[in-house]
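User: Please take a close look at one helix pair in this model and at the charged side chains that go with it. I would like one connected account.

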Amino acid sequence: MGLPTVLLLIPPLTQLNTPYPSTAYLTGFLRSKGIRCEQADLGIEMVLGLFSREGLNQVFDELQLRKSLLPPEAHRMFVNRAAILDHIDPIVAYLQGKVPSLTGSLARRGSVPQGPRFRARQPLPRNASAEDKAKQTATLFLEDLADLVQATITPHFALSRYAEHIARSTSSFDGLLAALEETSSLTDRFMLDALGRHIERVKPGLIGLSVPFPGNVYGAFRIAKLIKERHPGIVVALGGGYVNTELRRVSDRRVFDYVDFITLDDGERPLLSILEYLGGRRPLSGLCRTYYRDHDRVRFVTDPSLRNFSMSELGCPTYQGLALDRYLSILDSANPMHRLWSEGHWNKLTVAHGCYWKQCTFCDVGLDYISRYEITPTKHLIGQIERLIDETGRRTFHFVDEAAPPAALKALAIALLEREVRISWWGNIRFEKAFTPDLCRLLAASGCIAVTAGLEAASDRLLVKMKKGITVDQTARVAAALREAGILVHAYLMYGFPSETVQETIDSLERVRQLFSADLVQSAFWHRFTATAHSPIGLDPQANGLRILGPDFQGFAENDLSHLDRKGQTPEGIGEGLRRSMLNFIEGRGLSMDVRAWFDINTPRPRVSSTWTNRALQECRSDDAAVADRHCIWIGGPPVVQTRGKRARLYVPGGTKETAVTLPVPQAMWLSDLLQEGRLRSEREGTYPSWREVRRAFPGSTAEFTSFVKQPSWERIRAAGLLLV
């Protein structure tokens, strides 16, 4: 018996600008095994169905039935029905990049009907480009419509999530079940209409639902409900990030009225084992990390002989089937770092599976997505990059690692430069000292434009308790190295960590203010600490001074735990001040204000020196003498030497200008040879010259070499592109 055809679906709703990568990874894998697999993003299809002339006509028709009950803002938009309908299709096309000719008209004030979002949003700077002004106008127009739908048609709808409140802390299946028993909303119907079209097109034997976030759970089960009602012969499997963290103990048999299988951790092996079972090639007992219902009991089975596929065995993700030209690039902030999440398509790849650090006490370090660490072989990763460029025509990449290891990023950067693969890329790292100024320059030369990283609490005491393995001074130095290389930085921040005091929170905010003020970070986000069931803190709360208050597990989800902190004292209300400060900091406002001004509650004066960043950066650059194990890489062009008697002029193209130094002939020839040996080129054999080799080859004594690398000529060559990495 052949294996069933597979349809992989992304339920509403993740991002509007680019597909979530889970189905692209799995589709690429299954196709590499010769299995017919198709994919679709029902989130973008639901949004496009809604934000169309036909879709909004249906919205306004529903509002007509309750016209007398509409709130004032909704009534004003209802009155503007004709103008809104005239604008919706051109605006969607503009955000898809299809009609750039609308830039001029959309950039003008009053060009579209304006609702509450326009009045609440800070205007762009006067020198903002016409494209940004037009894109903000189009974005606010859609956000007003989204608010209208949420307020009047269904509370489930939002532009980046769908019915997320239903899936928050859902220890019991009752709440989700009650929502599913309600009549489908208008937005549900757009989603289900798209589902029907794909089922008719693909005729799948198995549908896989990828659920990365709480905001995808309701949509997934609403989809599964329709499948079971109208297509009972189709097998439904559920997996994804939310499942891997929250459904690890699922025991409510009612869940399996909607889905046949729930798989844990990486989906390749479990999905393949289900297909082999359905094809008669594997017994039910031979499944991998899978829940199913056996009569009235929920069972979990995993064949211990089935290993995970290595990173080199996974094939290449593919976006075939996901119409990239239909996604929307919106502008919800002019901040250049913040825009990466909402603008343009990003091909998604992984430098390394898991986390090489895996010690943070708040993190799920025991779960597979963190604990199983494996680097993708550089050659394989380069092959994936080149294949995705060919497939999508896009040279923009987001590496979705938990924390990309510096050594692997170095190898990737060198390989990209050697093969002359021109891309722009960003990813998540740790603020660790391995990210030296030279490594950051190498990453930038290879196309790195931004990084995200967890600073969490900007407090050394709390960082030790978290086992982050970094310090606040080190963070400032790494951020400075990234900034000097032209790489944007986003910092993840946390407040309310066990034993944290209000004083520490205020001190953290002051350090963050200084990081922004010095342009060391360009974007950041605060979230409140939550004890999770699978983290070291959640597994041993008493050792961290916490008392878990609930919720009691009732057979469905288990992750976020409410707690009482016996030692800490960060009130819930402090989060609003942190949020307010960050909304301003990322737009460059309020950076000279006393941080206490952001709070509506009394807070203590920060104890952080006003010169903290300056002091921390004094140790920013390491001495060349301390890098004996590093290698010399030249990212400039070929050097040229012109001799004049006993001295020579060495010309080196690097960056945007040419650098020239005058040296004794032996030193000039030695330096020219060094730059030639350190040049990045694809035909290279062996390693790049080590610092020890460079020192031995110098035409002079050790003392003369030590003196030479302190001279301005050496510093100029280093600045022009001679890196020690």
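Analyst: In α11, Asp-188, Met-191, Leu-192, Leu-195 and Ile-199 meet Tyr-218, Gly-219, Arg-222, Ile-223, Leu-226 and Ile-227 of α12, where contact means heavy atoms within 4.5 Å. Sorted by class, this contact of α11 with α12 has eight nonpolar, one polar and two charged residues. Ala, Val, Leu, Ile, Met, Phe, Trp, Tyr, Cys and Pro count as nonpolar, Asp, Glu, Lys and Arg as charged, and the others, Gly among them, as polar.

The model is predicted: local features need pLDDT of at least 70 and side-chain atom pairs count only at pLDDT 80 or more, while totals for chains, interfaces and linings use all residues. Residues are numbered from 1 along each chain as its sequence is written, and side-chain values use heavy atoms, with hydrogens and water left out.

Two packed helices are described by the angle between their axes and the distance between the axes. Helix α11 covers residues 186–202 and helix α12 residues 217–230; they pack at an angle of about 55°, with axes 10 Å apart. That angle makes α11 oblique to α12 (under 35 degrees is roughly parallel, over 145 roughly antiparallel, 65 to 115 roughly perpendicular, and the rest oblique). Axes are lines fitted to C-alpha atoms, for helices over the stretch in contact, and angles run from 0 to 180 degrees between N-to-C directions. Helices here are DSSP runs (H or I, at least four residues), numbered from the N terminus. The crossing of α11 and α12 is right-handed, that is, the near helix is turned clockwise from the far one by less than a right angle.

Glu-45 lies in helix α2 (residues 42–50) and Arg-197 in helix α11, so the pair links distant parts of the chain, 152 residues apart. Glu-45 is buried, with a relative accessible area of 15% (buried means under 20%, exposed over 50%, partly exposed in between, with a 1.4 Å probe and protein chains only).

Elsewhere, Asp-438 and Arg-718 meet in a salt bridge at 2.7 Å, N to O. Asp-438 is in helix α18 (residues 437–445) and Arg-718 in helix α28 (residues 712–720), so this pair ties together parts 280 residues apart in sequence. Asp-438 is buried at 4% relative accessibility, and Arg-718 is buried at 8%.

Technical notes: Helix = DSSP H or I, 4+ residues; strand = E, 2+ residues; numbered from the N terminus. Salt bridge = Lys/Arg side-chain N within 4 Å of Asp/Glu carboxyl O.
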